[in-house]
Amino acid sequence: MNQLNSSFKIADLIAKRLNGKLSLEEGHFLDEWKYENKENLDLYHKLSKNPETNYFKNEEQLEEVKKEEIWHKINTNLQEKKTRRIRTEFLKYAASIIVIGISTFFLINSIPEKPTNRIAHISPGKNQALLMRDKGETIILDEFVKLKEDGLEINNTEGHLVYKNDNKTSTQEKITYNSIIIPKGGEYNLTLSDGTKIWLNSNSKLRYPTKFSGKERLVELEGEAFFDVSKNKDFPFVVKMNDFQIKVLGTSFNVNAYNDEKEIITTLVEGRVEVKDQLRNQKETLLPNEQFCINKHNGDFKKTHVDTEIYTAWKNGRLVFQNERLEDIMIRLSRWYNVEVFFLNNESKNLRFTGDLTRYEDFNNVLEMIGFTNKVKFSIKNRSVLIEKLN
């Protein structure tokens with residue numbers, strides 16, 4: 001099999017894996033290729049990211065490979081009127097887009113690179129998000145948006161999406177849900193219809209009702225968010241994360257609940273919250289300046305007294321590390337700067353660092369500050385970061 005045919009075969013297998021249609025034999029073939037060498041593993045991770053984030057980058061990729069016909073179909077959906085709403089028909093092209101994007105990436109990467117001394121410039125994250133409405137309509141929140149629903153106004157401006165009751169009587173009986181998706185390299189603010197304010201960190205998703213009803217105000221979180229909950233003693237606010245939930249009446253707290261991490265971490269700034277593991281029927285109450293960490297796999301937990309500023313500084317534009325492992329630091333940085341991180345030796349993962357940086361620093365500046373300790377060396381190629389411990 002020549003290189004071109006092999007590239008398209010790998011592209012097709014990755015697309016099948018993303019769509020859940022990969023056979024056992026094909027899976028073995030793809031895994032053998034993936035672990036054949038570091039370059040393959042690096043490329044695999046780049047190309048198999050969450051398809052939701054492709055909304056934010058397909059335009060650039062497709063222009064580069066001059067796929068005018070397919071781009072026209074997608075662009076029709078992306079730019080409907082001036083709100084740039086994306087209809088659900090976009091999903092019909094998802095598989096072909098993935099194959100084209102992956103195959104093109106192979107073709108581009110098969111061309112020998114010219115030697116260069118230029119250091120890759122990687123900018124920090126910014127305000128960017130995707131709003132998915134109840135009926136499947138999707139809106140990229142990159143410009144002013146003003147919508148009206150039954151008894152509700154929805155406005156978006158300058159990185160802040162606001163739901164506001166318009167004081168009109170609602171005729172809607174069914175609860176409708178929206179979701180806001182924050183890609184890697186993004187952040188966004190949200191105000192719910194009850195006045196609750198939420199700061200969402202990169203690579204996060206929140207599902208919530210456009211209007212609250214019933215006995216509680218329930219939202220579902222993947223990723224990290226800071227909540228400033230509007231007080232209502234008769235209407236508790238509940239944050240659900242699979243089998244875990246946090247119940248409050250009115251308070252401020254941070255939740256770190258990324259799917260690829262083994263713990264859910266709740267940090268209480270003010271008020272009082274109840275953290276509950278529904279699967280094992282265990283719960284714990286937190287007071288201000290307390291943090292609760294629970295292992296999602298075995299239910300082990302610990303409650304400690306912490307400096308909450310360390311865990312909430314991100315919403316105020318800062319990156320704070322307090323004697324933190326380099327592996328954990330780089331996980332946070334990879335989400336914010338949208339990069340892939342590879343450790344060339346395990347020893348470097350456990351090195352510890354302390355620092356307080358602005359969240360909007362150029363990525364190279366952040367690495368220089370860490371590397372100034374002379375403990376590690378960083379190498380950057382495209383959006384991949386290689387880390388090795390110095391002797």
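Buried means under 20% relative accessible area, exposed means over 50%, and partly exposed lies in between (1.4 Å probe, protein chains only). Everything in these views comes from a predicted model, where local features need pLDDT of at least 70, side-chain atom pairs count only at pLDDT 80 or more, and totals for chains, interfaces and linings use all residues. Residues are numbered from 1 along each chain as its sequence is written, and side-chain values use heavy atoms, with hydrogens and water left out.

**View 1. W336 and Y360 form an edge-to-face aromatic pair.** Their ring centres are 5.9 Å apart, with 70° between the planes; rings of Phe, Tyr and Trp (its six-membered ring) pair if their centres lie within 6.5 Å, and planes under 30 degrees apart count as stacked, over 60 as edge-to-face and the rest as tilted. W336 lies in helix α8 and Y360 in the loop between β23 (352–358) and α9, so the pair ties together parts that are 24 residues apart in sequence. Helices (H or I, at least four residues) and strands (E, at least two) are DSSP runs, numbered from the N terminus. Y360 is partly exposed, at 42% relative accessible area, while W336 counts as buried at 1%.

**View 2. Three strands make an open, mixed sheet in the order β22-β25-β24.** Strands pair here if DSSP finds at least two bridges between them. Because β22 (340–343) and β24 (376–381) each have a single partner strand, one side of each is left without a neighbour in the sheet. Look for β24 and β25 (residues 384–389) running antiparallel, joined by six bridges; S379 has L386 in β25 as its bridge partner.

**View 3. Helix α8 (residues 326–337) lies across β22, β24 and β25.** The helix runs at about 160° to β22; axes are lines fitted to C-alpha atoms, for helices over the stretch in contact (heavy atoms within 4.5 Å), and angles run from 0 to 180 degrees between N-to-C directions. Among the buried residues of α8 are L326, I329, M330 and L333. Just after the helix, N338 takes a positive phi of about 55°.

**View 4. F212 and F237 form another edge-to-face pair, 6.3 Å centre to centre and with 65° between the planes.** F212 lies in the loop between β11 (204–209) and β12 (217–228) and F237 in strand β13 (residues 237–241), so the pair links parts that are 25 residues apart in sequence. Both F212 and F237 are buried. Along with F227, F235 and F253, they form one aromatic cluster.
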